[in-house]
Amino acid sequence: MKTHISELRKAQKLSQEDLAVAVGVTRQTITSIETGKYVASLPLAYKIAHYFGKSIEEVFDFSTIEEDK
């Protein structure tokens, strides 16, 4: 899943470690979410979006997820 976390984080001059501490996860988790290797849980997605003052949809790009058919 594509996210805008990296752009938001860099705009605020935050390291991955800074964001990780703020939302209660490891730096490796933030790295994995930013690179698309891990999809954040709904509670974590909410924490990240809330941290940046954005909606979940503004931070996470759901257009790349296939809908159930």
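Reader: Which residues of α4 are buried?
Author: You're looking at a predicted model, where local features need pLDDT of at least 70, side-chain atom pairs count only at pLDDT 80 or more, and totals for chains, interfaces and linings use all residues. Numbering starts from 1 along each chain as its sequence is written, and side-chain values use heavy atoms, with hydrogens and water left out. Buried means under 20% relative accessible area, exposed over 50%, and partly exposed in between (1.4 Å probe, protein chains only). By that rule, the buried residues of α4 are Leu44, Ala45, Ile48, Ala49 and Phe52.

Reader: How big an arc do they cover around the axis of α4?
Author: An α-helix has 3.6 residues a turn, so residues three or four places apart point the same way. The arc is that of the directions from the helix axis to the C-beta atoms. Leu44, Ala45, Ile48, Ala49 and Phe52 are the buried ones, and they sit on the same side of α4 because the arc they cover is only 130°.

Reader: And which exposed residues are on the face turned away from the buried side of α4?
Author: The buried side packs against α1, α2, α3, α5 (56–59) and β2, where a contact means heavy atoms within 4.5 Å. Turned away from that side, the exposed residues are Leu42, Pro43 and His50.

Reader: What arc do the buried residues of α3 fall within?
Author: Helix α3 spans residues 27–34, and Ile30, Ile33 and Glu34 are buried in it. Seen down the axis, these line one face of α3, because they fall within an arc of 95°.

Reader: Which strands are included in what covers that buried set of α3?
Author: The cover includes helices as well, namely α1 (5–11), α2 (16–23) and α4 (42–52). Helices (H or I, at least four residues) and strands (E, at least two) are DSSP runs, numbered from the N terminus. The strands in that cover are β1 and β2 (60–61).

Reader: How far apart in space are Met1 and Glu34, C-alpha to C-alpha?
Author: Met1 lies in the segment before β1 (2–3) and counts as partly exposed because its relative accessibility is 24%. Along the sequence, Met1 and Glu34 are 33 residues apart, yet in space, C-alpha to C-alpha, the gap is 8.7 Å.

Reader: Is Arg9 buried or exposed?
Author: Arg9 is part of helix α1. Leaving out residues up to four places away in sequence, Arg9 touches Leu14, Ser15, Gln16, Leu19, Glu34 and Phe52. Its relative accessibility is 7%, so Arg9 counts as buried.

Reader: What about Lys13: what is the value of its phi?
Author: Lys13 has its place in the loop between α1 and α2. It counts as exposed because its relative accessibility is 75%. Lys13 is a residue other than glycine with a positive phi, near 55°.

Reader: Which glycine with a positive phi comes just after α4?
Author: After α3 there's Gly36, with a positive phi near 80°. Just after α4, a positive phi of about 70° belongs to Gly53.

Reader: Stepping back, what is the radius of gyration of the protein chain?
Author: From the N terminus on, the elements run β-α-α-α-α-α-β. The radius is taken over C-alpha atoms, and the globule rule is 2.2 Å times the number of residues to the power 0.38. For 69 residues that rule gives 11 Å, so the protein chain is as compact as a globular protein of that length, with a radius of gyration of 12 Å.
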